[in-house]
Structure formats: C-alpha cells, structure tokens
Amino acid sequence: MERADVILCEHGPQDRPAVFGPPDSVITADVAGDLPGALAAVDAALARGAWIAGYVAYEAGLALEPKLAALLPPDRDGPLLALGVYSGPSAAGPLLERAAREAADVRLTTPRPILARSAYDAAMAKVLAYIAAGDCYQVNLTFPMEARLDGGTALGLYGALRRTGAVGHGALVDLGVGPVVVSRSPELFFKVDAGGQIMARPMKGTAPRDPDPQRDAEIAARLAVSEKDRAENLMIVDLLRNDIARLSRVGSVKVPQLYRMETYSTVHQMTSTIIGQLRGRPGFGALMRALFPCGSVTGAPKIRAMQIIRQVEPAPRGVYCGAVGWMAPDGRADFSVAIRTLSLFPGGRVVMNVGGGVVTDSTAEGEWEEALWKARFVKAAVTRP
C-alpha cells in the first residue's frame with residue numbers, strides 16, 4: 001500500500017479543509033509507559049510554536065487512567081498515539097482534487113462482521129445484566145468488520161467515501177506508522193477557540209434514512225421524540241459536562257443545544273452541544289487526561305463502562321473511538337470522535353468498527369441492526385461483494 005506521509009483534516013483552522021505534511025517529526029507512544037513522555041513532547045512542541053496533528057487510539061484511555069491501566073491489551077495493530085509536528089497547515093484543495101481523481105481506481109469489498117451474531121448476543125446479555133445490576137447506566141458496545149482494498153490508494157478511498165456528502169470531520173491520517181486512517185466522522189469530540197472556549201457535540205440516537213421523503217421525515221420525527229434515544233443522549237451530555245468542568249471556570253459549563261436533529265447521507269443523528277470557558281490554556285496532555293476518550297463511545301459512568309467494554313469486546317478498538325485532529329500553538333484545537341472510521345493495513349486489509357449505546361431497554365436485535373445502519377457510509381466505495 002502506497003503511503004502518502006500526510007494528514008488531511010476537513011475540520012481545519014477557520015473551519016476549512018487543511019493539509020499537514022510532511023511532518024518535521026512524529027511523536028508516538030507504543031506502550032503505556034511511552035504515553036507520559038509522548039504527551040510531554042507534544043506540549044513541548046506546541047510551546048515552541050509548532051502545530052500538531054494526528055490521532056490518539058481508544059486504548060490510550062486505558063493507559064491514562066490508573067484504575068484501567070492493567071486492562072490495556074498487549075496485542076494491538078498500531079500505536080496508542082501518533083502525532084506529527086508541523087510548522088503549520090496548508091490549503092487542502094489540490095489534495096482533495098487528487099483524492100477525487102484516484103477514487104475511480106478504488107476496489108473495495110463489502111465489509112463483513114468478524115464477530116458472529118451469537119457472540120454479539122452473548123456480549124449484549126452481559127452488558128444488560130451489568131446495567132440491571134446498577135453497575136452502569138449505559139455501555140457503548142461495538143464490533144469489528146473487515147473488508148479488502150483490492151485496488152487503488154487510501155487517498156482514493158477517501159475520495160470515494162467523500163462522494164456521499166459532507167460530514168464535517170472527515171480526515172485522512174498517514175504518518176508512516178501504524179494503519180492509514182480514513183475517517184468520515186460527523187462527531188466533534190472537542191473544539192477550542194482562540195478565546196479559550198471549549199465545545200463538545202456528542203451524538204447519541206441514530207435512525208436509518210429512507211429513500212421515500214415522507215417516510216424519511218417520519219423516521220426523523222420519531223427519533224426526535226424517542227424517550228430511549230433522548231435518555232441515551234442525556235446520559236452522555238451529563239458525562240461530558242462533568243469532564244469539561246474539570247478544566248473550565250466554575251459556572252461556565254452550559255448546554256446551549258439539546259437533542260438537535262442532524263441528517264446525513266445514510267442516517268439521522270441526535271446531537272447535543274456542551275460549552276465551557278477553560279481556565280488558562282491547558283496543554284494537549286491536560287485535555288486528554290480530562291476528556292479522553294469521549295463519553296459517547298464509552299457509556300456512563302465512564303470508568304466502569306470501559307471496564308465492561310474490555311471484558312465483552314474481543315479485540316482492541318485501535319483508532320476507532322479514539323480522536324483525530326489538530327492543535328495550534330495558541331491553544332486552538334479541533335478533534336473528532338473517530339467513528340465511521342476505517343484502518344488500512346499492509347496487504348489491503350481494512351478494519352472498521354460499528355456499535356452504539358446500550359441502555360436498559362435495548363435489545364440485541366435492535367442494536368445489531370443500528371450498528372449495521374452505521375456501516376452504510378462505505379457503500380459509495382464498495383465495488384464488489
């Protein structure tokens with residue numbers, strides 16, 4: 001697989017697509033013991049006036065929390081953290097044009113679940129038992145799918161997926177280490193502006209699109225008033241309010257939008273917005289320790305949910321459910337939640353995960369179907385079964 005040594009973020013500075021690369025250096029953490037030094041190196045680079053861009057894998061959240069560190073899986077297909085150091089971003093227009101041209105050469109097989117449905121049902125039963133016992137209010141349960149890239153490039157695959165329309169937080173990450181990451185995430189993890197305001201926009205509550213406009217509108221209307229989906233969303237809003245409050249001025253954390261409906265090419269999503277005013281200018285390491293991983297991909301309470309996830313999910317998530325984005329030396333930052341995300345490995349193997357929040361009235365059938373809805377975003381790139 002051809003490596004591009006570049007990062008493309010459609011959620012770049014000034015909310016415009018930007019390209020970072022090639023990097024002046026790459027900061028990585030492969031094991032838990034590497035993570036403190038890597039975070040310190042990132043903050044030192046920012047203090048020198050550099051920009052950083054790249055990803056943090058979901059399992060870094062285990063390494064960052066002493067209560068979870070022993071759960072870190074030893075066999076993973078990539079680093080816990082991979083961030084490039086740059087003098088600054090450049091315009092993305094030429095790379096996006098190249099992505100569109102290379103899309104014609106992409107040959108991707110249909111992604112298939114790796115996990116048997118019976119194994120998923122068993123995991124669901126365990127999660128529901130923990131919720132019934134009062135261990136958790138919600139657990140985000142996911143499973144992996146695999147495909148093959150039999151032709152074309154990662155950039156071309158990104159271009160093919162981009163044909164389905166804007167998602168707000170699309171990204172391509174190729175730093176020459178670990179997998180190449182192709183993400184079409186619609187979800188903001190956190191954004192920090194020049195004045196120190198932080199914003200998060202978790203997504204919880206999903207329904208599939210319908211080609212008939214009337215039925216599609218009815219589906220969106222039902223989702224908007226669904227007690228289950230609103231409860232699921234509110235649990236995560238409360239979790240993120242608490243996380244953001246760790247770094248914010250007292251009284252500044254607010255929820256200006258609750259249960260907002262957003263529509264994408266394949267699904268309707270329920271989204272809420274949380275804002276806060278940061279105390280001073282916390283570095284990248286402080287932001288990660290307070291916020292990572294995003295509560296929308298763990299469940300609540302976060303630590304107990306992550307313990308349960310490690311017990312019931314058979315494989316590491318990797319970049320999926322981690323964070324992809326950039327940070328500027330003046331404290332501005334924009335990181336997405338790495339959902340709707342594919343990891344490309346040498347030899348053409350492609351791994352993507354799907355899942356959703358499980359609450360007390362969830363069913364295995366309903367959650368399995370919702371997860372498969374979320375995989376529909378790859379249809380634009382699939383060229384054979």
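Two strands are said to pair if DSSP finds at least two bridges between them, and strands themselves are DSSP runs of E with at least two residues, just as helices are runs of H or I with at least four residues, each numbered from the N terminus. The model described here is predicted, so local features need pLDDT of at least 70 and side-chain atom pairs count only at pLDDT 80 or more, while totals for chains, interfaces and linings use all residues. Residues are numbered from 1 along each chain as its sequence is written, and side-chain values use heavy atoms, with hydrogens and water left out.

Along the principal axes, the C-alpha atoms fill a box of roughly 55 × 50 × 40 Å. Of contacts (heavy atoms within 4.5 Å) between residues at least 6 apart in sequence, 77% join residues at least 24 apart.

Next comes the surface. Of the 385 residues, 57% are buried, where buried means under 20% relative accessible area, with a 1.4 Å probe and protein chains only. The accessible surface comes to about 14,800 Å², and carbon and sulfur atoms account for 53% of this area; accessible areas come from the Shrake-Rupley method with a 1.4 Å probe, and for residues only the protein chains shown count as cover.

Turning to the strands, strand 12 (residues 188–192) and strand 13 (residues 197–201) run antiparallel and are joined by 3 bridges. In this pair, leucine 188 stands opposite arginine 201 of strand 13. The hairpin has 4 residues between its strands, and glycine 196 takes a positive phi near 85 degrees there. Strand 13 also runs antiparallel to strand 16, with 4 bridges between the two.

Proline 282 sits in the loop between strand 16 (267–277) and helix 8 (284–291). Its relative accessible area is 12%, so proline 282 is buried. Neighbours within four places in sequence aside, proline 282 is in contact with Leu287 and Met327. Proline 74 lies 208 residues from proline 282 along the chain, and their C-alpha atoms are separated by 31 Å.

Conventions
Buried means under 20% relative accessible area, exposed over 50%, partly exposed in between (1.4 Å probe, protein chains only).
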